[in-house]
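I opened a new page for this structure. My plan is to look things up one at a time and note what I find.

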Amino acid sequence: MKCHFCGAEDTKVIDSRPTEDGTSIRRRRECIECKKRFTTYEKYEENNTMVIKKDGTRELFNPSKVLSGMVKSCEKRPVSMDILEDAVSRIERKIMTMGVREIPSRMIGECIMDELKQIDQVAYVRFASVYREFTDLDSFYEAINKLKNDNQK
Ligand SMILES: [Zn+2]
């Protein structure tokens, strides 16, 4: 995001929170160069993709649901909202570039796991254990081992 005052390329986000109606994000930014501060409102990109749920019903893709799932997994972890919001944007873009009208909820879950794996491994395991509904210890260990192997690559 360019600085509104001096046009510098680099600004850092000091604070960000969803607006009351939940359709955009309010970001407080500070320019790295001139140190001036300004506020931006970024609308969630329009995304009309329908999500096919496990029971076969459909609902409109909802980025704030993705975010709240990730926030929950990152409870008491050193992960900032900025990082999670960026991850949600990446997931949104990924889904949009698929160019499909409907997507199984399973695929969104996989996208979230891909992101969490990079962000925080404890959060990843938490999310995976709920999402994949580990029914026994073996499948749980399997996931942990897979994580370990991925790290060694
Ligand atoms: Zn500036």
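Entry 1: I began with D114, which is partly exposed at 40% relative accessibility. I kept in mind that this model is predicted. I looked for a partner of D114 and found K94; their side chains meet in a salt bridge, 3.6 Å from N to O. Where do D114 and K94 lie? D114 is in helix α3 (residues 105-119) and K94 is in helix α2 (residues 81-98), so the pair ties together parts that are 20 residues apart in sequence. I checked K94 too: K94 is partly exposed, with a relative accessible area of 37%. I also noted a network: K12, E30 and R37 are joined by salt bridges that share partners.

**Entry 2: other salt bridges.** How many salt bridges does the structure hold? I wrote down 11. I reminded myself that side chains of opposite charge can pair when their charged atoms come close. Next I looked at E59. The side chain of E59 meets that of K53 in a salt bridge, at 3.4 Å from N to O. E59 also meets K65 in a salt bridge, at 2.8 Å from N to O. K53 is partly exposed at 32%. K65 is partly exposed as well, at 47%.

**Entry 3: the zinc ion.** Which residues hold the protein donors of the zinc ion? I listed C3, C6, C31 and C34, each through its SG atom, at 2.3 to 2.4 Å from the ion. The angles around the zinc ion run from 103 to 117 degrees, which makes the arrangement of the 4 donor atoms tetrahedral. C6 and C31 link distant parts of the chain, 25 residues apart. C6 sits in the segment before β1, while C31 is in strand β2 (residues 24-31). C6 is partly exposed at 42%, whereas C31 is buried at 0%.

**Entry 4: an aromatic pair.** I counted 1 aromatic pair. The ring centres of F5 and F38 are 6.2 Å apart and the planes stand at 70 degrees, so I logged the pair as edge-to-face. F5 lies in the segment before β1 (11-18) and F38 in strand β3 (residues 37-43), 33 residues apart. F5 is partly exposed, with a relative accessible area of 46%. F38 is buried, at 5%.

How values were computed: Residues are numbered from 1 along each chain as its sequence is written. This is a predicted model: local features need pLDDT of at least 70, side-chain atom pairs count only at pLDDT 80 or more; totals for chains, interfaces and linings use all residues. Side-chain values use heavy atoms; hydrogens and water are left out. Rings of Phe, Tyr and Trp (its six-membered ring) pair if their centres lie within 6.5 Å; planes under 30 degrees apart count as stacked, over 60 as edge-to-face and the rest as tilted. Helices (H or I, at least four residues) and strands (E, at least two) are DSSP runs, numbered from the N terminus. Buried means under 20% relative accessible area, exposed over 50%, partly exposed in between (1.4 Å probe, protein chains only). Donors are N, O and S atoms within 2.8 Å of the metal (3.2 Å for Na, K and Ca); water is not among the atoms, so sites may look incomplete. Four donors count as tetrahedral if all angles lie between 85 and 135 degrees; four count as square planar and six as octahedral if opposite donors are over 155 degrees apart and all others between 65 and 115; anything else is irregular. A salt bridge is a side-chain nitrogen of Lys or Arg within 4 Å of a carboxyl oxygen of Asp or Glu.
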